[in-house]
Amino acid sequence: MKIIPISLPTPFYIGPVNVYLIAEDPITIIDTGPKTPEATQALRDGLRKAGFTVGDIRRIVLTHAHEDHCGLARALRDEAKDAEVFVHDWETGHRAGRLEHEESLRLLVRAGVPPDELQLMRKLYDDVRQYADSLDEEHCTPLQDEAELEFETGSLRVIHTPGHTPGSCSFIREADRTIIAGDCVLKRVTPNPILSPDPIDPTRRFRSLAEYLVSLARVRSFSPTLILGGHGDPVHDYEELFNRYIRAIRERQTQIIRLVPGDGATAWEVSRQMFPDADDVHRFLAVSEAVAHLDQAHTEGKIALEISEGRDFYRALSA
Ligand SMILES: [Zn+2]
Ligand SMILES: [Zn+2]
C-alpha cells in the first residue's frame, strides 16, 4: 500500500500543505489542499506523476475541516463523479457551511475580545472562507474512531485525535506503524488548539488543550516509526517531538499563569500581553492559545475563573 505525499501551495502563513495519495484501490486522497488555482494545478500534477487523474479518486478523507486541508473536497468530489467524502462528525468547519461561526463569535466575546477586534476577525474569517467550498451533510460519511479504511493490500485505521480541532483524525497503517496525522503532529511547530465550540454542547468551549494532550499520548501509545504531518517534513522520532511538545506546553502554561493578575483579566487581555506585536490572524491564534491554556490552568486548580457581564475573568489564586 503506497502512500505518496503531494505538497500543495497555500495562501496561508503556515506555507504548503501535504496531502497523501493512497495509490491503491480504492484510490484515496487524504486531505485536498485549499481552493486555489495553484493548489488545484499542483494536485493535478502530483496525481499525474503518480499515474492518476482526479477522476480516479474514489475516496476523499479529511483529517479536519480547515481550509488548507478541505478546500477542494467538494470540487474533487464532483469531478471524480461522487467520490465518497469522509470526515469526523465533530468537524463542523466547512463541512456544513461553518455553522459553528456564530457560536465561535460568542466564544470570542466571552474571551473578552473587544467589538472592533471582533469585526476584524469576522472580516478575516470571510477572507479565509473563499478557500473552501462547503460540503453538505448528506455528502459526508462520518469517520468513526477505530474504523478501518480497507485497501487492496492493507488498511488504515482511524484514530480520532481531537485538540487542534474537535474532529481531527489521524490514520495508522499498523503494518509499519506509520501515522498520517494532519495538524495533530507537525515537525516544526507546536500545533495550536483552536478555540472551538464543544461539538456536543456548542454553548461551551471545547477543552482543546486537555483533549490535545490526550491525543498526543494516544499517538505515542502506537510507538509510531513515521508520522506524516499536514505541513512540513515527516517525523521519524516522535518520542523526542512528544517530549518537546510537552515541555513547550508546560512552559507556555507557566508563562501564561504569571500574566494572570490578582484582580482578574480576560483571555484577550492576557493574549495581548503575551503577544503584543501579533497582527491580524495571529491575534485570533493568540487569544485561542490563551483560552486553551487558561482553561487548562483553571481545570488544574492553578487559577480562578469568574464570569462577569458575559465575559470570563481569570484571576491569580495567591492574591
Ligand atoms: Zn488545521
Ligand atoms: Zn493545516
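Okay, before anything else, one definition: helices (H or I, at least four residues) and strands (E, at least two) are DSSP runs, numbered from the N terminus. With that in hand, H88 sits in the loop between β5 (84-87) and α4 (100-110).

Some housekeeping. This is a predicted model, where local features need pLDDT of at least 70, side-chain atom pairs count only at pLDDT 80 or more, and totals for chains, interfaces and linings use all residues. Residues are numbered from 1 along each chain as its sequence is written, chains are lettered from A and ligands numbered from 1 in the order in which they are written, and side-chain values use heavy atoms, with hydrogens and water left out.

Back to H88. Is this histidine buried or exposed? It counts as buried, at 9% relative accessibility. The cut-offs there: buried means under 20% relative accessible area, exposed over 50%, and partly exposed in between, with a 1.4 Å probe and protein chains only. A polar atom of the H88 side chain lies 2.9 Å from the backbone nitrogen of W90.

Now the metal site. Which residues coordinate the zinc ion that is ligand 1? They are H64 through NE2, H66 through ND1, H164 through NE2 and D183 through OD, at 2.1 to 2.4 Å. Donors here are N, O and S atoms within 2.8 Å of the metal (3.2 Å for Na, K and Ca), and water is not among the atoms, so sites may look incomplete. H64 and H66 are both buried. Along the sequence, the spacing of the donor residues reads H-x1-H-x97-H-x18-D.

What about the geometry? The four donor atoms around the zinc ion (ligand 1) subtend angles of 92 to 171°, so the arrangement is irregular. For the record, four donors count as tetrahedral if all angles lie between 85 and 135 degrees; four count as square planar and six as octahedral if opposite donors are over 155 degrees apart and all others between 65 and 115; anything else is irregular.

Five strands make an open sheet in the order β7-β8-β9-β10-β11, with mixed pairing. At its edges stand β7 and β11 (226-229), each with a single partner strand, so one side of each is left without a neighbour in the sheet. The twist averages 20° from one strand to the next; axes are lines fitted to C-alpha atoms, for helices over the stretch in contact, and angles run from 0 to 180 degrees between N-to-C directions. Two strands pair if DSSP finds at least two bridges between them.

Look at β7 and β8 on your screens. They pair in the antiparallel sense over four bridges, and they form a hairpin with two residues between them. L149 stands opposite L156 in β8. L149 is also on the covered face of β7 along with F151, while E148 and E150 are on the uncovered one. On to the next neighbour: β8 and strand β9 (residues 169-173) run antiparallel, joined by four bridges. H160 has C169 in β9 as its bridge partner.

Next, charges. How many salt bridges does the structure hold? There are 25, counting a side-chain nitrogen of Lys or Arg within 4 Å of a carboxyl oxygen of Asp or Glu. The residue I'd click on is E146, which is partly exposed at 42% relative accessible area. E146 forms a salt bridge with R157, with the closest N and O atoms 2.9 Å apart. That pair links distant parts of the chain, eleven residues apart: E146 in the loop between β6 (140-142) and β7 (148-151), and R157 in strand β8 (residues 154-160). R157 is buried, at 12%.

E146 also forms a salt bridge with R218, at 3.0 Å between the closest N and O atoms. Here the partners are 72 residues apart, with R218 in helix α6 (residues 208-221). Salt bridges that share partners join D145, E146, E148, R157, E174 and R218 into one network.

D25 and P26 are joined by a cis peptide bond, with omega about -15°, and P26 lies in the loop between β2 (17-22) and β3 (28-30). Most residues other than glycine have a negative phi, and most peptide bonds are trans. D31 has a positive phi near 70° and is buried, at 2% relative accessibility. K81 has a positive phi too, about 55°, but K81 is exposed, with a relative accessible area of 65%.

Notes
Polar contact = N/O pair within 3.5 Å; in protein donor to acceptor, adjacent residues only side chain to side chain.
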